[in-house]
Amino acid sequence: MKFLDLAKVYIRSGAGGNGCVSFRREKFIEYGGPDGGDGGKGGSVIVEAVDGLNTLIDFRYQQHFFAQNGQSGMGRQRTGKDGEDILLRVPVGTEILDEDMETVIADLSTLGERVVLARGGNGGFGNLHFKTATNQAPRRANPGQEGIDRTIWLRLKLIADAGLLGLPNAGKSTFLAATSNARPKIADYPFTTLHPNLGVVGVDGVEFVVADIPGLIEGASEGRGLGDLFLGHVERCAVLLHLVDGTSPTLVEDYETIIGELEAYGGELADKPRVTVLNKVDALDDEERALAKEMLEEAVGGPVLVMSGVSREGVTEVLRALRARIDDDRLRQKPQEESQSWQP
Ligand SMILES: Nc1nc2c(ncn2[C@@H]2O[C@H](COP(=O)(O)OP(=O)(O)OP(=O)(O)O)[C@@H](O)[C@H]2O)c(=O)[nH]1
Ligand SMILES: [Mg+2]
């Protein structure tokens with residue numbers, strides 16, 4: 001299934017009802033005076049983070065959310081009814097962006113969080129409101145305030161515990177397939193993965209969620225390749241797993257390209273805990289392996305693990321290293337909940 005993580009919706013808050021111009025007319029009552037009521041308030045458009053959703057798929061079917069207008073005021077001092085609010089129910093972790101897709105209006109990161117996206121217009125005053133000592137019969141009333149029209153984007157970031165990074169063909173999807181129930185597409189050409197995949201992996205009795213994202217290339221931050229929008233999916237991960245293809249003749253440059261793109265992406269991504277792994281070591285002999293590991297460790301300035309997603313050598317050690325980083329992170333999602341709510 002294509003992971004739907006971005007939706008454009010049109011919202012409009014309700015206009016306020018008009019105030020009413022009316023005079024009391026009754027038999028035997030002269031100069032009954034103004035009795036036009038105020039208009040009701042328009043409904044607001046509200047977004048709420050709710051439980052039990054993990055995609056924005058509902059917004060593919062409904063893109064327009066219009067709140068009700070307020071009712072106009074009426075004679076005999078009757079106020080118009082307020083318009084009803086409309087509620088957009090989104091999964092936890094959804095960001096609300098302005099039409100430009102950059103300005104963040106709200107970031108709904110906790111369950112039950114609510115934000116008003118467009119406030120309903122106020123109702124206009126009826127002529128009763130304008131009665132003064134010197135003007136006992138005002139013939140004026142206010143119109144209701146207009147509603148607000150707005151186009152917004154909803155963007156859901158997958159909440160995974162560990163995020164995979166690497167150039168195309170680094171073996172990210174192979175690793176996910178080897179360690180989890182996910183079955184991503186694997187092939188020996190770049191950009192096999194076009195959409196992020198999630199998988200639940202288990203090690204030593206605990207489970208956590210790994211996100212496989214499309215490969216990054218140099219200049220991804222300027223839109224080359226598939227761009228770096230996908231990094232949004234791993235922004236909330238506790239740890240990043242950087243896979244470096246051990247068979248590549250340029251493995252140090254490969255490593256640095258990814259680090260450069262992380263820095264260009266900005267935010268805190270480059271400072272996130274990271275595990276660097278020399279992958280595909282099944283294809284290397286002992287000497288090549290030692291040399292590659294040494295070169296990579298020098299570039300990283302720290303230890304590097306070795307692994308092969310194909311022969312599964314070293315995979316458990318990698319999972320343990322990830323798990324150790326996830327435990328440190330207090331914001332980690334409960335593995336139990338994640339694994340239940342996850343759907344292919
Ligand atoms: N020898 C060897 N080959 C591997 C290993 N892991 C992956 N490969 C091969 O490398 C190629 C790319 O693997 P993928 O898992 O599709 O790579 P990816 O990083 O997901 O690539 P993109 O989705 O294109 O970014 C495939 O032909 C895999 O069979 C490994 O551990 N050893
Ligand atoms: Mg892939």
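Q: Is Glu-313 buried, partly exposed or exposed?
A: Happy to start there! Relative accessible area under 20% means buried, over 50% exposed, and partly exposed lies in between. In this predicted model, Glu-313 has a relative accessible area of 32%, so Glu-313 is partly exposed.

Q: Which residue forms a salt bridge with Glu-313?
A: A salt bridge needs a side-chain nitrogen of Lys or Arg within 4 Å of a carboxyl oxygen of Asp or Glu. Here the partner is Arg-289, with the closest N and O atoms 2.8 Å apart. This pair links distant parts of the chain: Arg-289 sits in helix H4, while Glu-313 is in the loop between strand S14 (305-306) and helix H5 (315-328), 24 residues apart.

Q: How many salt bridges does a search of the whole structure find?
A: The search finds 8. Among them, Lys-280 pairs with Asp-245, their closest N and O atoms being 3.1 Å apart. Lys-280 lies in the loop between strand S13 (274-279) and H4, and Asp-245 in strand S12 (residues 239-245), so this bridge ties together parts 35 residues apart in sequence. Lys-280 is partly exposed at 24%, whereas Asp-245 is buried at 14%.

Q: Where do Glu-297 and Lys-293 lie?
A: Both are in helix H4, 4 residues apart, or about one turn of the helix.

Q: Which residues form a negative surface patch?
A: Asp-285, Asp-286, Glu-287 and Glu-288 do. One of these, Glu-287, belongs to helix H4 (residues 286-300) and is exposed, with a relative accessible area of 68%.

Technical notes: Residues numbered from 1 in each chain as written. Chains lettered and ligands numbered in written order. Predicted model: local features only at pLDDT ≥ 70, side-chain atom pairs only at ≥ 80, totals over all residues. Heavy atoms only, no water. Patch = residues over 30% accessible without salt bridge, like charges linked within 9 Å, V, L, I, M, F, W, Y side chains within 5 Å. Areas by Shrake-Rupley, 256 points an atom, 1.4 Å probe, with all protein chains shown as cover. Lys, Arg positive; Asp, Glu negative; His and termini not counted. Charge placed at Lys NZ, Arg CZ, Asp CG, Glu CD. Helix = DSSP H or I, 4+ residues; strand = E, 2+ residues; numbered from the N terminus. Buried < 20%, exposed > 50% of the residue type's maximum accessible area, 1.4 Å probe, protein only.
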